[in-house]
Amino acid sequence: MKKIGFLSFGHWSPNPHSGTRTAADFLHQSMDLAVAAEELGVDGAYFRVHHFARQAGSPFPLLSAIGARTSKIEIGTGVIDMRYENPLYMAEEAGAADLISGGRLQLGISRGSPEQVIDGWRYFGYAPAEGENAADMARRRTETFLKVIEGEGFAQPNPRPMFANPPGLLRVEPHSEGLSDRIWWGSGSNATAVWAAKLGMNLQSSTLKDDETGEPLHVQQRKQIETYREAYRAAGHARTPRVSVSRSIFALTNDLDRAYFGHDRESRDQVGMIDDTTRAIFGRSYAAEPDTLVKLLREDEAVQAADTLLLTVPNQLGVAYNTHVLESILTHVAPQLGWR
């Protein structure tokens, strides 16, 4: 069995060919797709977070709204850029969203990817401490966030408070028990996967990764997953961690599928520079008739190694078509691979 979710990049565009032309369209369609996905039996609804872009920049209102409209589906992110976050305020928002959903939040966080503007987090009022770079700042904030959501008191109470306090040091409220077991780190390298394992986080591996060996993406990701699990065991954590990988997968079952994605039949991994110093490998798309798709996915070592698969969806093609994309995978592909 494998958990299968969808991952929406949340694009909207005023282009007349887009079915998602405004931010309001994106938000309402995302809720509708999560409801439809839950009815199909999809396990998770996940959303990318990018600032200064026509995408989801503030995920918690959306996650809370989906939590209120659904009852079973996991609700998550892939990923929140911790360079932009106040970890204590984020703990309050995450706690509230998790309580609204009844404990279904699966929160993917990360140091972030290249953004739309230069050092965008500075506009939010944040800057690395002396001797830090932006990645260090993101990891420091992550460690603070993880500590705060454990629920231990740390703040000295006012001796003359407005409202009566419980005894002892105070914690951030609202606290949601168990949320700390449902935090995921979006890792682009083996080293950060090991770091996440030591802190007890779950692992998200995307459709791109630092090109560390020159091997195909799925092979590098499989090795990353193995390295992560070894580090997790060595750290002595009690629970079994979860691992997800993201893929663009389309079962070509009708003429519309072939018109949209038939050109991806020959898709291959690509290599490029994600910034001035980092060579990255970008994963291929999978588009084929279901029987061929099953054979291709059996050969994807990272997909086979992960316990959770996130299907990237073309959200600007509308709720009905994206529901069809998900249903095609659940009906024609997942059972043949033993995932259902």
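Me: Axes here are lines fitted to C-alpha atoms, for helices over the stretch in contact, and angles run from 0 to 180 degrees between N-to-C directions. With that, at what angle do H4 and H5 cross?
Reply: Roughly 20°, and the axes of H4 and H5 (residues 190–199) come within 12 Å. Helices (H or I, at least four residues) and strands (E, at least two) are DSSP runs, numbered from the N terminus. This is a predicted model, where local features need pLDDT of at least 70 and side-chain atom pairs count only at pLDDT 80 or more, while totals for chains, interfaces and linings use all residues. Residues are numbered from 1 along each chain as its sequence is written, and side-chain values use heavy atoms, with hydrogens and water left out.

Me: What volume does the largest cavity have, and which residues line it?
Reply: The volume is about 70 Å³, counted as the space filled by probe spheres set on grid points joined across faces, edges and corners. The lining includes Phe26, Gln29, Ser30 and Leu33, along with Asn315, Gly318, Val319 and Asn322. Ser8 and Thr20 also line this cavity.

Me: How does that lining divide by class?
Reply: 3 nonpolar, 7 polar and no charged. Ala, Val, Leu, Ile, Met, Phe, Trp, Tyr, Cys and Pro count as nonpolar, Asp, Glu, Lys and Arg as charged, and the others, Gly among them, as polar.

Me: How many cavities of 30 Å³ or more in the count?
Reply: The count comes to 3. The second largest cavity holds about 50 Å³. Among the residues lining that second cavity are Ala91, Val148, Ile149, Val172, Pro174 and Leu179. By class, the lining of the second largest cavity has 6 nonpolar, 3 polar and no charged residues.

Me: Pockets now. What's the volume of the largest?
Reply: About 910 Å³. The largest pocket has 44 lining residues, and Gly112, Ser113, Gly188, Leu208 and Ile274 lie nearest its centre. The elements giving two or more residues to this lining are E4 (80–81), H4 (134–148), E6 (183–186), E7 (202–205), E8 and E9 (243–251).

Me: And by class, how do the residues of that lining divide?
Reply: Into 12 nonpolar, 23 polar and 9 charged.

Me: You mentioned Leu208. What does Leu208 stand opposite in E11?
Reply: Phe282. Leu208 falls within E8 (residues 208–210), which runs antiparallel to E11 (residues 279–282) over 3 bridges. Strands pair if DSSP finds at least two bridges between them.

Me: What is the bridge partner of Gln270 in E11?
Reply: Also Phe282. E10 (residues 270–273) and E11 pair in the antiparallel sense over 4 bridges, and Met273 stands opposite Arg279. E10 and E11 form a hairpin with 5 residues between them.

Me: What order does the open sheet have?
Reply: E8-E11-E10, 3 strands with antiparallel pairing. E8 and E10 stand at the edges with a single partner strand each, so one side of each has no neighbour in the sheet. Neighbouring strands of this sheet are turned by 30° against each other on average, direction ignored.

Notes. 1 Å grid on protein atoms, 1.4 Å probe; cavity = no way out; pocket = protein on both sides within 12 Å on 5 of 7 lines; lining within 4 Å.
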